[in-house]
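Here's a friendly walk through one protein model. Have a look at it before reading on.

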Amino acid sequence: MYNFLLVLLVLGSVEGRRARGQRTQTPESFPLDFTAVEGNMESFMTQVKNLAQSLYPCSTQKLDQEMKLQFLRNSSVTCNDGSPAGYYIKESRGSRRWLMFLEGGWYCFSKHTCDSRYETMRRLMSSSKWPPTRTGTGILSSQPEENPHWWNANTVFVPYCSSDVWSGSTAKTDQNDYAFMGSQIIQEVIKELVTKGLDGAKVLLLAGSSAGGTGVLLNVDRVSELLEDLGLGSVQVRGLADSGWFLDHKQYRLTDCIDTISCAPTEAIKRGVRYWNSVVPERCSHVYNGEDWNCFFGYKVQPTLKRPVFVVQWLFDEAQLMVDNVHLTGQPVQEGQWRYIQNLGSELRNTLKNVPAMFAPACLSHEIITRSYWMDIHVKGTSLPRALQCWDRSLRHHGNSSSIQAPLRGCPLHLIDSCPWPHCNPTCPTIREQLTGQEMSVIQFLTHLGFDVQRMAQQQGMEPHKLLGMLSNGT
């Protein structure tokens, strides 16, 4: 197995060197699958990296792992404050796989909320202090032991500076204090990437987290249509939406819509759509009779999409709980809050049941695909990178169609936890106590939330010691 992989690596590296400088005729490098050796990879990957480095041109230098900043050539497409929008890129010559990531970071929906955001989170509204390089982590990492399936892809990171969930189309003028051009930033980045090798791509994965995950749902079809208009319909466009599958249900505690965090998602998006002059998928807009705010909620927009999308969503998403006015710090939660949290998990499960490809752990967290621990989370024994590889294989011969073959044996695509409590999955990210920073066990965490083991066991019709064992094992 190892020898076979090393032979492939040698062949891929040699082909990449032969093709350097001949972009339009670059042969595809071999996409290597390291998931089979996830559990015993450290020494093996050290050898692989040393070999790759020795075959790479100028082998005395390390493989370039940083993405470099490029500002858009079209200076009319800007961040909120009128500064130039842009992207970070790490090219991987010889690879025909491209990964374009949309950053997240909430939104603002009025002059008041945007003024406040500009004072407190200016880096999400301006490019004036963007660093010249970025190092990718998680699915953006160029380290095969951290990113076994996409490490050798051409990687693009698009910073979020439009505050509009990647949907806006309004320029900054004397009448408009801010520009909202998220949808146009994506379109301009795609046009520039075509001149950098995207015209020879086989697959483009449009990924994003949080607001960027919702941005994927809003833009994946439009990106594919743009490439078709540019004569590049052979590029297979897919979406990966992480932590962007929000619900438009009733808040736990209703509050006035005075700031981004306390405003109910439905009301905030309704105001935002008008303020941003949002662009949403055409078919979704038609289904909801022009009530375009509906298309910002995953369970409503996903069935209308033509392109395949893999959904990654924590069942107990911290951002969702925050906008629902459920706060898990300080005093133990009340019984009504506890029921609300459990119902949130049930509601999310119901909205995901017809999604063909998804990964939904029963954890309290937010965002995952760019976290360095993204390989450590499992659902029903399968890691997220493995699930994504299975999805990739199922789509291999379907071009831009959203249809999926029957899952391959041992290669699941629809992964969702069935246990009903936050962090009942033992592979969930570590919980730390806010004041001390000490790690908490699942039972300590649930007790901190006010979880009553005796009462919950009685409700479930089981002995308390059995329930404790289930919580410890994540069953």
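What follows covers a pair of packed helices and then some salt bridges.

A quick word on the source: this is a predicted model, where local features need pLDDT of at least 70, side-chain atom pairs count only at pLDDT 80 or more, and totals for chains, interfaces and linings use all residues. Residues are numbered from 1 along each chain as its sequence is written, and side-chain values use heavy atoms, with hydrogens and water left out.

**Two helices side by side**

Let's start with helix α4 (residues 182–194) and helix α5 (residues 211–229), which pack at an angle of about 40° with their axes 10 Å apart. Here axes are lines fitted to C-alpha atoms, for helices over the stretch in contact, and angles run from 0 to 180 degrees between N-to-C directions. Helices (H or I, at least four residues) and strands (E, at least two) are DSSP runs, numbered from the N terminus.

Which residues in α4 and α5 meet? From α4 come Ser-183, Ile-186, Gln-187, Ile-190, Lys-191 and Val-194, and from α5 come Asn-219, Arg-222, Val-223, Leu-226 and Leu-227. Contact means heavy atoms within 4.5 Å. Sorted by type, the residues of this contact are six nonpolar, three polar and two charged. In that sorting, Ala, Val, Leu, Ile, Met, Phe, Trp, Tyr, Cys and Pro count as nonpolar, Asp, Glu, Lys and Arg as charged, and the others, Gly among them, as polar.

**Charged pairs**

Side chains of opposite charge can pair when their charged atoms come close. A salt bridge is a side-chain nitrogen of Lys or Arg within 4 Å of a carboxyl oxygen of Asp or Glu, and by this rule the count comes to 11.

Together with Arg-238, Arg-97 and Asp-392 are linked in a network of salt bridges.

Asp-115 and Lys-111 are four residues apart in helix α3 (residues 111–120), so about one helical turn separates them. Asp-115 is partly exposed at 27% relative accessibility, and Lys-111 is partly exposed at 42%.

Glu-267 and Arg-271 are four residues apart in helix α6 (residues 265–276), so they too are separated by about one helical turn.

Technical notes
Buried means under 20% relative accessible area, exposed over 50%, partly exposed in between (1.4 Å probe, protein chains only).
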